[in-house]
Amino acid sequence: MTTKTVDVLLVGAGAMSTTLGVMLKELDPSLKICMVERLEEVAKESTDCMNNAGTGHAAYCELNYTPEAADGTINCSKAYAINASFEVSLQFWSYLVRKGALPEPSNFINPVPHQSFVWGEKNVNFLRKRYEALSKHHQFDVMEYTEDPDVIREWMPLVMEGRKEGEKIAATRVRYGSDVNFGSLARNMVNYLDQTEDFDLMLNHDVIDFYQNKDDSWSVSMKNRATKESLSVNSKFVFLGAGGGALPLLQKTDIPEGKGYGGFPVSGQWLVCKKQEIVERHESKVYGCAPIGAPPMSVPHLDTRVIDGKKALLFGPFAGFTTKFLKNGSMMDMFGSLKPNNLKPMLYVGATSMDLTKYLISEVMQTHGSRVMSLSNFFPVAQEEDWEISHAGQRVQIIKKDETGKGKLEFGTEVITSSDGTLAALLGASPGASTSVSAMISIVERCFSDKLENEGWKEKLVSMIPSYGQNLTEDAQLLKQVRSDTLSTLGLDPESAETPAKAG
Ligand SMILES: Cc1cc2nc3c(=O)[nH]c(=O)nc-3n(C[C@H](O)[C@H](O)[C@H](O)COP(=O)(O)OP(=O)(O)OC[C@H]3O[C@@H](n4cnc5c(N)ncnc54)[C@H](O)[C@@H]3O)c2cc1C
């Protein structure tokens, strides 16, 4: 069996591993890094552009990030955190663009206004309260709100076309929202890594097993999927950035921190518009309210996408259920992940998530016609023949023991690290690739704390991410400064970030 030795082994070539790879190379160019990917190309799972919604999640339009409490108040804390986290991603990408490590930003990020649209008294009241709460804060002070149909028609013409008059509707808008082609971003990051010394990309290799050596390093066995040749890579540090495939791999490492986790896969589909004249008339991401029982990431939205310089229009996602953990995975994935230590939480969640189960069944039963009916809430004159179905990526939601030892389903992402800092894994998929930079910083902090404190890594992080170590939610001046810098570096309509909030 062939064996080689590296400092860092990155499993998977999606948004997470590529971000960590570039970050570590910037922090220490002498690191020997190996990236192993089971598919023949980089970023072909969830990170590929048509497998996700490409929303630069900044909590401008996603209503599920601001839940309404029982007393009617709006809880903004998650929105502040996600917004700040996206600002961190924008800073890192800006740094890489300025350095020439990433190409012209329009290759991977484009300005697309982020808008929310709701109908019905209850939802309008919610959106108004959400706007009033958020726009008081410096992170959201340029958000606009309106209940005026003429203004909404100007903001989102397709949404108003053929809509019945007199309906109670409302919308918010943040003009400097973005559409991100995470697939292009990841591939460009790998192109950059490829130009550095001591970076090795192994495509078409399946990581199979792990063994921790006496010196704490890991021997990771893998198989070439074409030649069936087995090989082993010895690494001081391993990152499981395998997307839906991270949970089974984490279980194989046998680290105590990985025990008790299970995964619940949710697949997705889009309606994609086939008529370019319709596509050209929409210029925003319009998010609505989630149907009852829908997982938070299944909020429907009518989405302008910019893919390889061309505009596209998508509606969805429609959720579905398969037992695969990866789009290119196996139907046995979920069954293989059942272990004595996660059976109880898995069964408990299965038995108690009736709203989710009902929602998934109703989604799976949908016909093309019923999907276009859902679309007509956002585009009343939509015609079935103008839209076709496209399959999105898989999301594996985390199931873990709750405080009572039963089980709970989580919709966020979670970074798991071994106590000795030699291994890290990322589970879950939301808010996803938008917050990849913060997630990878947390790995650096937890697994390379010594280098951070004593080898100048902290200062290097500040040079890449000027707000590193500071709080963008508390420091209005700092936010203004970094936002103005990133929006102009990335070509994201910086002037629109200067206008104060207004309600129409
Ligand atoms: C429908 C949908 C909509 C989404 N919308 C958004 C959005 O609007 N904004 C946003 O920020 N995020 C969104 N996301 C989430 C985002 O796509 C993911 O969080 C992100 O792409 C995950 O990146 P990753 O690198 O962890 O995983 P992936 O991109 O899945 O990459 C993991 C890689 O690991 C490889 N791999 C797996 N197992 C092995 C193994 N054993 N050996 C070797 N390689 C392996 C896989 O082949 C894959 O290439 C969405 C996701 C979905 C599914």
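This briefing covers the ligand site, the aromatic contacts, the cysteines and selected backbone features of the structure above. The model is predicted, so local features need pLDDT of at least 70 and side-chain atom pairs count only at pLDDT 80 or more, while totals for chains, interfaces and linings use all residues. Residues are numbered from 1 along each chain as its sequence is written, and side-chain values use heavy atoms, with hydrogens and water left out. The ligand is surrounded by 36 residues, a search of the whole structure finds 17 aromatic pairs, and the disulfide count is zero.

**Ligand site**

- The shell holds 36 residues, the closest being Glu 37, Thr 47, Thr 55, Val 207 and Ser 434; a residue is near a molecule or strand if one of its heavy atoms lies within 4 Å of it.
- Helix H1 (15–27) and strand S9 (205–212) each supply at least two residues of this shell. Helices (H or I, at least four residues) and strands (E, at least two) are DSSP runs, numbered from the N terminus.
- Strand S9 gives the largest share of the shell, three residues.
- A polar backbone atom of Ala 15 is 3.0 Å from an oxygen atom of the ligand. A polar contact is a pair of N or O atoms within 3.5 Å; within protein, one must be able to donate a hydrogen and the other to accept it, and residues adjacent in sequence count only if both atoms are side-chain atoms.
- A polar backbone atom of Ser 46 lies 3.2 Å from a ligand oxygen, and a backbone N or O atom of Ala 433 lies 3.2 Å from an oxygen atom of the ligand.
- On its own the ligand has 1000 Å² of accessible area, of which the protein covers 97%. Accessible areas come from the Shrake-Rupley method with a 1.4 Å probe; for residues, only the protein chains shown count as cover.

**Aromatic contacts**

- The search of the whole structure gives 17 aromatic pairs. Rings of Phe, Tyr and Trp (its six-membered ring) pair if their centres lie within 6.5 Å; planes under 30 degrees apart count as stacked, over 60 as edge-to-face and the rest as tilted.
- Trp 119 and Phe 378 form an edge-to-face pair, because their ring planes stand at 90°, with the centres 5.6 Å apart.
- Trp 119 lies in strand S4 (residues 114–119) and Phe 378 in the loop between helix H12 (368–375) and strand S16 (387–391), so this pair ties together parts that are 259 residues apart in sequence.
- Phe 378 is buried at 2% relative accessible area, whereas Trp 119 is partly exposed at 26%. Buried means under 20% relative accessible area, exposed over 50%, and partly exposed in between (1.4 Å probe, protein chains only).
- One aromatic cluster is formed by Phe 117, Trp 119, Phe 315, Phe 318 and Phe 378.
- Arg 371 lies over the face of Phe 318, 5.5 Å from the ring centre. A charge sits over a ring if NZ of Lys or CZ of Arg is within 6 Å of the ring centre and within 35 degrees of the ring normal.

**Cysteines**

- The structure has zero disulfides, a disulfide being a pair of cysteine sulfur atoms within 2.5 Å.
- Cys 273 is in no disulfide, and the nearest cysteine sulfur, that of Cys 49, is 16 Å away. Cys 273 is buried at 10% relative accessible area.
- Cys 447 is also in no disulfide; the nearest cysteine sulfur belongs to Cys 34, 18 Å away. Cys 447 is buried at 13%.

**Backbone and local features**

- The peptide bond from Gly 316 to Pro 317 is cis, with omega near 0°, and Pro 317 is found in strand S15.
- Thr 323 sits in the loop between strand S15 (310–320) and helix H9 (333–336). Its side chain reaches the backbone oxygen of Met 331 at 2.6 Å, and Thr 323 is buried at 12% relative accessibility.
- Ala 43, in the loop between strand S2 (33–36) and helix H2 (77–99), has a positive phi near 55° and is buried at 3%.
- Lys 228, in the loop between strand S10 (218–224) and strand S11 (230–240), has a positive phi near 70° and is exposed at 54%.
- Six of the eight residues of helix H7 (residues 246–253) are buried. Just after H7, Asp 254 takes a positive phi of about 65°.
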